[in-house]
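Thank you all for coming; I would like to walk you through one structure this morning, slowly, for those who have not seen it before. Please have a look at the sequence and the model first.

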Amino acid sequence: METRKLPIGIQTFEKIRVGNYVYVDKTAFVWKLVSSSAPYFLSRPRRFGKSLLLSTFESYFEGRKDLFEGLTIGQLEKEWNVHPVLHLDLNAEKYDSPEGLYAILDRYLKMWEDRWGRGDGESTPAGRFFDVIRRACEQTGRGVVVLVDEYDKPLLQALGKDNALLEDFRNTLKAFYGVLKSADRYLRFVFLTGVTKFAQVSVFSDLNQLSDISMWPDYATICGITLEELKDNFQPEIEQLAATNAMDVGEVVKKMTTLYDGYHFYQNAPGVFNPFSVLSVFTSKVFGRYWFQTGTLTFLVELLKQSDYDLRELLDGVEAPASSFTEYRVNVDNPIPLIYQSGYLTIKEYDKEFQNYLLAFPNDEVRYGFMDFLVPFYTSLAEDERGFYIGKFVQELRVGDVDAFMKRLRAFFADFPYELNTRTERHYQVVFYLVFKLMGQFTGAEVRSAKGRADAVVKTPKYIYVFEFKLDGTAEQALKQIDDKGYLLPYSVDNREVVKIGVEFDANERNIGKWLVE
């Protein structure tokens, strides 16, 4: 079977079309947007196709009719007018000093000034930007197109690390982006992308004419791949993946859906697959955590720790008011909107009456990747030991060896750094939670933080284990609670053996103490 060219890592529309790479046609969205002259903003997670979208706009406004043959827009556009395009990409740089940001802006401005000329009077980046827009418009007689990719990259790199640097970046970018309002009469089309929408930068309060389409239903699938697009565009790759993994086509689509689908950018919109993971699994023919491994969560975890956020809520799904997404204030007290925008949570449900979103992990790639990433922040286990421990936990419960499981769980807690114990009870509850959630990949473990349910239930082919942990009580009391609260009732008609485990936690030893099994 012929192997087709997949555009993994390629973000240039021209390169994809000229190089005959597989392309999922998103030009109907492009056509709808370019038909208006409103300035737009789109927030999407990293590696979700934002750069390719901007490159598509660039080719369209450069009049590259040849690149759009056979695509939706190729049948709709008749004029193919050419406009000056100023495309600023802030994605690939490191921003660790005020000079770093200035140097990048200066590089782009010099490139544009080489093409459109420079006046003598302007020296600031904002002044030069206005000048080059005006000159390009006057010289061509056509409105200028401004495309900004990852407008917030400098801000995200400074956030939580260096407040003085963040303030410097804010001031520079506020003035620079503010030009897009004052130069409005010279502009044909403006499109900004980023991960977040910072209210603090004032770029958006200055640009009050900017339309934020991030959560508009009409554009919910502008980036990413829908299930329909997956089946329509990648049938040969699905068949090859099935053959390599000894699966049938239906199983492959189901597994890909579980791993990579599930992103929702509007409450009732179709889910989309992460395009980077889709292209990666088709290229490698191995089901891996591709998108998750390309980014760092350290900043988000630090934000969660500063906020004293109960991670168990995050792991089960968290409610967030709709207002928190229009204000976009990134702060320690409310890290959830940033975690959503970064792609680690997505919309699962929407309560129209109270205007609340239920946010949860989009898929298993993100769910288990996120939890694996959290483990070293809560335990002292080395990375290469984590998978080993989880595997052993699962094996021991499958064969009914509860004592071995509990001894290993005790060892898991044994080397905790003392300084992690400032909020002892919460900390250990989170660790229990993480262990059982990670086992859930293999055992269908249910973990509950709500009252009226057992702390954890683990199901294996032969056994159902019901755990109750007591942080300030005895193992006997834990077993009694399982009986008194009727935690076993849901499993009374199950043919598997039900095992009750009461566990007490020794506060002095900062570890599991006694346990009882029935």
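Let me begin with a term: a residue is called buried when its relative accessible area is under 20%, exposed when that area is over 50%, and partly exposed in between, using a 1.4 Å probe and protein chains only. What we are looking at is a predicted model, in which local features need pLDDT of at least 70 and side-chain atom pairs count only at pLDDT 80 or more, while totals for chains, interfaces and linings use all residues. Residues are numbered from 1 along each chain as its sequence is written, and side-chain values use heavy atoms, with hydrogens and water left out.

Threonine 56 is buried, because its relative accessibility is 2%. Threonine 56 lies in helix 3, residues 50–61, where helices are DSSP runs of H or I with at least four residues, strands are runs of E with at least two, and both are numbered from the N terminus. Leaving aside residues up to four places away in sequence, threonine 56 touches Phe13, Tyr23, Thr27, Val30 and Phe68, contact meaning heavy atoms within 4.5 Å.

Turning to helix 5, residues 98–116, we find that its buried residues, among them Trp112 and Trp116, pack against strand 2 (85–89), helix 6 (125–140), helix 7 (153–158) and helix 8 (163–182). After helix 5 comes glycine 117, with a positive phi near 90 degrees.

Finally, the cysteines: cysteine 137 is buried at 14% relative accessible area, and cysteine 223 is buried at 3%.
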